[in-house]
Amino acid sequence: MSAIADQYADTTGRAVLETVRSYGVSAVFGIPGTHNLELYRPLADLGMRAVTNRHEQGSGYGADGWAQQTGLPGVVITTSGPGLQNAMSAIGTAFCESRPLLVISPGVALGAEFRVVGTLHETKDATAMVGAIAEWSRRVTSATEAVDAVHDAFALFRTGRPRPVHIEIPLDVLEAPADVPTAARDARPSPAPVRGDARAMREAAALLTDAARPVIVAGGGATRAGRAVTALAERLGAPVVTTLNGKATVDEHHPLSLGSNLRLEAARRVAEDADVLLVLGSKLGEAELWTPRLDARGAVIRVDISAAQVHKNLDAAVGIVGDCRAVAEDLLAALPDAAERPRDLAAERAAIAAETASILPETVALAETIAAALPHDAIVAGDSSQIVYLALANVLRQSCPHSLLYTPTYATLGYGLPAAIGARVAQPAEGGRPVVAVVGDGALMFCVNELATAVEQRLDLTVVCVDNGGYAEIKQNEVDRGIRPVGVDLVQPDWVALANAFGATGRRAETADEIGSALADAITAGGVQLVHIPQGARPQHPSTESSTPRGNS
């Protein structure tokens with residue numbers, strides 16, 4: 001070992017990464033920079049994969065996609081100043097969508113705070129900046145504090161509402177020897193899951209036992225409780241409708257599943273007509289409902305890991321603070337061991353399908369074509385594009401949660417491709433589930449640089465670019481308000497040539513008949529593939545009714 005390497009053999013940076021690694025995290029996302037090199041030094045030695053995105057926003061979204069597949073928090077390493085600021089949109093997304101994200105960055109040396117003397121990447125107050133949108137942001141002053149901050153982050157991810165956290169390590173602390181015992185860097189035992197209050201559990205079980213028309217709404221907080229929620233639904237004969245973040249908590253092919261369609265009036269009506277409504281792990285926010293509130297007419301039982309959530313947006317007759325899986329298992333055990341109560345949902349399912357088809361018929365038909373070409377176990381990453389939130393999210397039926405990567409609340413552009421990269425990195429080196437990103441042309445331009453990341457990482461990844469000429473919905477919004485379209489008709493690159501220039505393979509589906517085969521061929525071929533679907537290549541839906549679309553772009 002050289003004298004320089006020996007000098008940095010056991011720094012705070014290494015202690016922090018050893019602690020992160022002890023919790024099972026095997027990949028980090030970020031961009032090496034002048035000030036964060038001691039966070040990169042130990043990665044290879046620790047067996048951690050470094051994914052170098054082409055922008056730190058992509059690092060945050062890539063870490064999110066990785067986290068959703070592994071059940072572990074995504075980890076992002078940024079440099080100071082602009083590197084950290086570039087990740088802010090991803091931090092905001094993780095907060096709004098309740099996703100576990102750990103961001104680690106260097107900061108100005110101890111004693112240099114607020115001096116404003118023109119140092120490299122000088123930032124007024126990085127910790128306060130991130131703290132304004134993260135669950136917490138902490139500037140540490142020693143290696144011991146840095147390691148403790150990592151443990152505190154994982155305690156939140158394991159026992160609380162998962163949200164992003166940030167640790168700022170002063171540069172002189174980061175590079176200094178770490179006086180932290182090896183044992184202190186080991187993962188701390190995971191505490192037992194929080195179970196519901198006994199009295200509240202009895203009240204909830206009594207309501208469910210007597211219910212004639214129970215319904216379950218599952219949100220993002222219920223996705224790790226799928227088996228228990230399915231068994232509970234079968235025991236009660238209760239339809240299950242989910243938010244987009246809760247999609248496939250119950251297999252969407254199950255006869256009691258009404259899909260991730262809580263945004264549709266036909267699905268909301270089922271929930272609102274329940275005599276007992278069981279809400280698991282959802283704040284029932286407007287962005288997931290597409291209406292100000294859910295007007296439940298029966299008794300409401302709400303289960304959430306956060307006490308602040310159990311009456312948010314909809315008052316509960318019974319509020320249970322606890323882990324959704326533990327509570328669902330305990331409710332099931334408390335119910336009478338009676339015969340299951342099957343329920344025919346054909347009429348409700350038909351109403352949901354009809355409403356879906358009426359929104360944007362051609363877009364829905366295209367989504368059906370894409371869905372039919374996907375492998376049954378595909379992970380699909382989407383953006384805030386019409387093809388996703390108005391169509392594919394409704395028609396794509398998936399069997400397990402976290403198979404649709406999307407951000408319904410923050411509704412950002414530029415998420416889909418880097419999230420797909422993270423999801424693919426999380427798969428085994430050989431085999432694994434196929435990953436497909438489906439994005440609009442406007443959304444893809446936010447992150448097209450990440451094609452280079454996918455190629456560099458030697459991933460099998462297919463990107464479907466649905467071209468509607470720019471920001472089509474915003475253009476319609478302008479027209480509806482009497483505004484002559486401005487800023488929404490965008491210049492398009494030659495998408496096939498652009499993909500090829502990055503080292504990927506570009507394809508174009510010139511006609512509607514070519515879409516399915518082009519997508520299937522791309523997935524089969526492997527490597528990084530881009531399938532461009534131009535405006536003219538649209539299958540026609542038999543329905544011609546249309547209503548005003550709802551969403552962002």
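User: How much space lies in the largest pocket?

Analyst: Rolling a probe the size of a water molecule over the atoms shows where empty space is left. In this predicted model, about 1,200 Å³ of space lies in the largest pocket. Of the 49 residues that line the largest pocket, the closest to its centre are F157, G160, P162, G221 and R224, and the elements that give two or more residues to the lining are helix 4 (56-70), helix 6 (88-97), helix 8 (143-159) and helix 14 (324-334). By class, the lining of the largest pocket comprises 19 nonpolar, 18 polar and twelve charged residues.

User: What volume does the largest cavity have, and which residues line it?

Analyst: The structure holds one cavity of 30 Å³ or more, and the volume of the largest cavity is about 60 Å³. Its lining is formed by Q68, R99, L244, N245, K247, H402, L404, Y406 and P408, of which four are nonpolar, three polar and two charged.

User: At what angle do the axes of helix 10 and helix 14 cross?

Analyst: Two packed helices are described by the angle between their axes and the distance between the axes. Here the axes of helix 10 (residues 198-210) and helix 14 come within 9 Å and cross at roughly 60°, and the two helices are therefore oblique to each other. The crossing of helix 10 with helix 14 is right-handed, with M201, A204, A205 and L208 of helix 10 making the contact with V327, D330, L331 and A334 of helix 14. The residues of this contact are seven nonpolar, no polar and one charged.

Technical notes. Residues are numbered from 1 along each chain as its sequence is written. This is a predicted model: local features need pLDDT of at least 70, side-chain atom pairs count only at pLDDT 80 or more; totals for chains, interfaces and linings use all residues. Side-chain values use heavy atoms; hydrogens and water are left out. On a 1 Å grid over the protein atoms alone, a cavity is a set of points where a 1.4 Å probe fits but cannot get out, and a pocket is an open set with protein on both sides within 12 Å along at least five of seven lines; lining residues have an atom within 4 Å of a point. Grid points are joined across faces, edges and corners, and a volume is the space filled by probe spheres set on the points. Helices (H or I, at least four residues) and strands (E, at least two) are DSSP runs, numbered from the N terminus. Ala, Val, Leu, Ile, Met, Phe, Trp, Tyr, Cys and Pro count as nonpolar, Asp, Glu, Lys and Arg as charged, and the others, Gly among them, as polar. Axes are lines fitted to C-alpha atoms, for helices over the stretch in contact, and angles run from 0 to 180 degrees between N-to-C directions. Angles under 35 degrees count as roughly parallel, over 145 as roughly antiparallel, 65 to 115 as roughly perpendicular and the rest as oblique. A crossing is left-handed if the near helix is turned anticlockwise from the far one by less than a right angle, and right-handed if clockwise. Contact means heavy atoms within 4.5 Å.
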